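Here are a few friendly notes to read alongside the model.

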Amino acid sequence: MSTTQSERLRELLEPLVTSQGLDLEEIAVDSVGRRRVLSVVVDSDTGADLDQIADVSRALSAKLDETDAMGEGEYTLEVGTPGAERALTEHRHYVRATGRLVRFQLHEGGEIVARILDVDDDGLDVEVPGVKGRKATTRRLAFADIDRARVQVEFNRKDNDVNKDMKEEEEA
């Protein structure tokens, strides 16, 4: 997708997404054979539920239908949220990932996997899990030291508050 089309789509769609209480994270237009697919990724500090996704999808579809932003040909609109292993590229992404395990690629060439404890304007405090019976340690990472960061999927986290909340809701 050209930068001009990307910018135009963002200018057109972002106000609709923000009016629904969500952030527009990503826009991509891909060609699949003769089909074109417009993928729109949205998120918020509290996540997005299926009803919000459906509402945003309808609003975006209506807006796209009344403009020529996608040109003459047919296309498919897909609206979703970031995946479980999302890349962290904005300050708000780090804030939303507080408590999550993240793989950090550092500018100095190293890599660490650590849990985000706190985020401020300059960087983040992380907890590096202990290895071979050693205790976990805390570390400060400046945003300037981070080359890439990606949330890691955890299947067996024992102290996961989300799992506790879900169990409590099921029992109620």
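Which side chain does a polar contact of 2.7 Å join to that of R86?

1. The partner is D43: its side chain and that of R86 are joined by that 2.7 Å polar contact. A polar contact here is a pair of N or O atoms within 3.5 Å; within protein, one must be able to donate a hydrogen and the other to accept it, and residues adjacent in sequence count only if both atoms are side-chain atoms.

2. Before going on, please note that this is a predicted model, in which local features need pLDDT of at least 70 and side-chain atom pairs count only at pLDDT 80 or more, while totals for chains, interfaces and linings use all residues. Residues are numbered from 1 along each chain as its sequence is written, and side-chain values use heavy atoms, with hydrogens and water left out.

3. R86 sits in the loop between strand 3 (76-80) and helix 3 (91-96); helices (H or I, at least four residues) and strands (E, at least two) are DSSP runs, numbered from the N terminus. R86 has a relative accessible area of 13% and is therefore buried (under 20%; exposed is over 50%, partly exposed in between, with a 1.4 Å probe and protein chains only). Leaving aside residues up to four places away in sequence, R86 touches E25, D43, H93, A149, R150 and V151, a contact being heavy atoms within 4.5 Å.

4. Strand 4 and strand 8 (residues 146-151) pair antiparallel over 5 bridges; pairing requires at least two bridges found by DSSP. Strand 4 (residues 101-106) also pairs antiparallel with strand 5 (residues 111-119), again over 5 bridges, and there R103 stands opposite V113. In the hairpin of these two strands, with 4 residues between them, G109 has a positive phi near 100°.

5. The largest nonpolar core has 17 residues, and L9, L38, V40 and V42 touch the most other members. Such a core is a set of buried Ala, Val, Leu, Ile, Met, Phe, Trp, Tyr and Cys residues joined through side-chain atoms within 4.5 Å. Helix 1 (3-19), strand 1 (23-32), strand 2 (35-43) and helix 2 (50-65) each supply at least two of its residues. A second, separate core of 16 residues includes V151, one of the residues that R86 touches.

6. On confidence, the average pLDDT (the predictor's confidence in each residue, from 0 to 100) is 85, and 89% of the residues score at least 70. Over residues 160-172, however, pLDDT is below 50. Where pLDDT is low, the predicted coordinates should not be read in detail.
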